[in-house]
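This report considers how two chains meet and then how one of them is built.

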Amino acid sequence: MKTRYKIVLIGLMLLVTGTIIISCASTKDKYTAVTDVEEEFKFEKSGAQLWGEVCNRCHLAPSPADYNDTDWETISLHMKVRANLTEKEIKKIEAFLKSAN
Amino acid sequence: MKKLFTTIVVIGLVHISYGQTYNNFKIDSIVSQQYKPSKTQFMIRGYGHTGLNFTNTEGERESSYVGSAFAPIFLFKHSDRLMFEAELEFGLENNELEIGLEYADVMYVLNKNMTVRAGKFLLPFGTFMERLHPAWINRLPTRPLGFGHDGIAPASGIGVELRGAFDLGGSKLNYAVYSTNGPRLKDGTEEPEEAGMLMFQNFEDNNTSKAFGGRIGLLPFADSSTEIGFSTYSTSKVGAADSNYENVGAFLYAIDFAFIKQIPALGGFIDIKGQYNNSDIDDATYTEVHEDGDEEEYTFDNKSNSLYTQLSYRPTMASSDFMKKLEFVVRYSNLNTPEGAEWEEQSDQYAFGLNYWLTWRSVIKIAYQTTDSVGGHDGGGTTNNFFVHWAIGF
């Protein structure tokens, strides 16, 4: 059991270190800007699409009208962490919910 | 009489016209300024459920309305990065009101890929206990075998956690790593029939060793329909410091799977979920005290596992509004605890449910469940249950 414990511990430490390096290194400012041609063909999902896909992973997609804009901001932060959503997903879903309520 | 009537009419008209002039724009703007939302936000969310249970255990029948469980969630948003969250659980069990603190933690968003949490939080050991157990989310009135507060897998812990998600250009990867007090071993002193079990409610650590764990989830497709997760949880010591059991260690892992997608050919949403838990605790020697006072030492291979798979279908593309709100659910779960332990058990459970969604967060659940057990606290046998429950999220 001690060996497995050490393996898990080392594995987790490597994961944490790697994640910190990647997440701290990948700031938006350092991205190479996409060219106009790339932007033209870039496919981005809408907030409404993500709302339908992401929320349904655990529960039925919520009705935007059930909360006001301020409430959706609080709920979005809570759900981002609880369901481990990407920033892009939660920002788009929050924008959609606030626009449709 | 005429004079009196005229006087009342005049007073009434004056009153109404005065009332009309009260709402002027100047005052309105002042009032609206006062109610401008602040950056600091406080919300109470949560869920509750109630229902009727019928139980038939080997011919012994029981029926009871089950108490309304109430689980308020408090959210304090201090800024766009900082939040405190806590959930209380009120439940009626064994003619008593039971109150629990499901979680209470503070979280801070470090950057777009990383959030730190500290306090008591739900553990990402698989997905069921962290994401799917609330009554308005769980598609059946019961939890699968081996899950829950007395299950073989951890539900929550006190410690610190890093978590986040990465967008991989279509695919997504989420992760969580944490350190908690870890479980404590039941050595049989207080409950001899549970010697060798892990107790995950370890509010004050009973030794210096901490538990470490984590989960990696991969969503390989851009539509987020599929998620595969692997979790691990390990500690080198679960026994009390300076006891014979101090150096007993434990290693647990879980594999989870989810597929949720609206399939036009099937006319609705298909939702498949599953999780396998495995627990391996170092062997130790426990003492059994017989009725005549004699003591006997025994040991066993302390390995347990549990599994559940669930399929549900919502005909959301049906033409009938009534049909759209229905959901059909079937679940299989299985629990195996160590052979030779006092709590040895092999159980299989099938559950079939029909749900009617009143709204996206309010559901009436009708379910039939049958459980075949060998061993266990109740000595085994077949138990059949019928449930009618109403769950609501708020």
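## Contact between the chains

In this predicted model, 36 residues of chain A are in contact with 44 residues of chain B. On the side of chain A that touches chain B, at least two residues each come from helix H1 (2-25), helix H3 (47-54), helix H4 (69-82) and helix H5 (87-100) of chain A. The most is given by H1(A), which contributes eleven residues to that side. Sorted by class, the side of chain A that touches chain B consists of 17 nonpolar, eleven polar and eight charged residues.

## Overall form of chain B

Chain B contains four helices and 20 strands, and its C-alpha trace spans about 105 × 55 × 50 Å along the principal axes. The radius of gyration of chain B is 27 Å, whereas a compact globule of 394 residues would have one near 21 Å.

Of the 394 residues in chain B, 38% are buried. Where contacts in chain B link residues at least 6 apart in sequence, 57% of them join residues at least 24 apart.

## The largest nonpolar core

The largest nonpolar core comprises 34 residues, and among those with the most contacts inside it are B:Leu122, B:Phe125, B:Met129 and B:Ala250. Strand E5 (114-122), helix H3 (128-132), strand E7 (172-180), strand E10 (211-219) and strand E12 (250-263) of chain B each supply at least two residues of this core, with E12(B) giving the most, namely five residues.

Leaving aside residues up to four places away in sequence, B:Ala250 touches B:Pro183, B:Leu198, B:Thr235, B:Val238, B:Ser279, B:Asp280 and B:Ile281.

Methods. Residues numbered from 1 in each chain as written. Chains lettered and ligands numbered in written order. Predicted model: local features only at pLDDT ≥ 70, side-chain atom pairs only at ≥ 80, totals over all residues. Contact = placed C-beta atoms within 7 Å. Nonpolar A, V, L, I, M, F, W, Y, C, P; charged D, E, K, R; others polar. Rg over C-alpha atoms; globule rule 2.2 N^0.38 Å. Buried ≥ 20, exposed ≤ 12 C-beta atoms within 10 Å, placed from the backbone. Core = buried A, V, L, I, M, F, W, Y, C linked by C-beta atoms within 7 Å.
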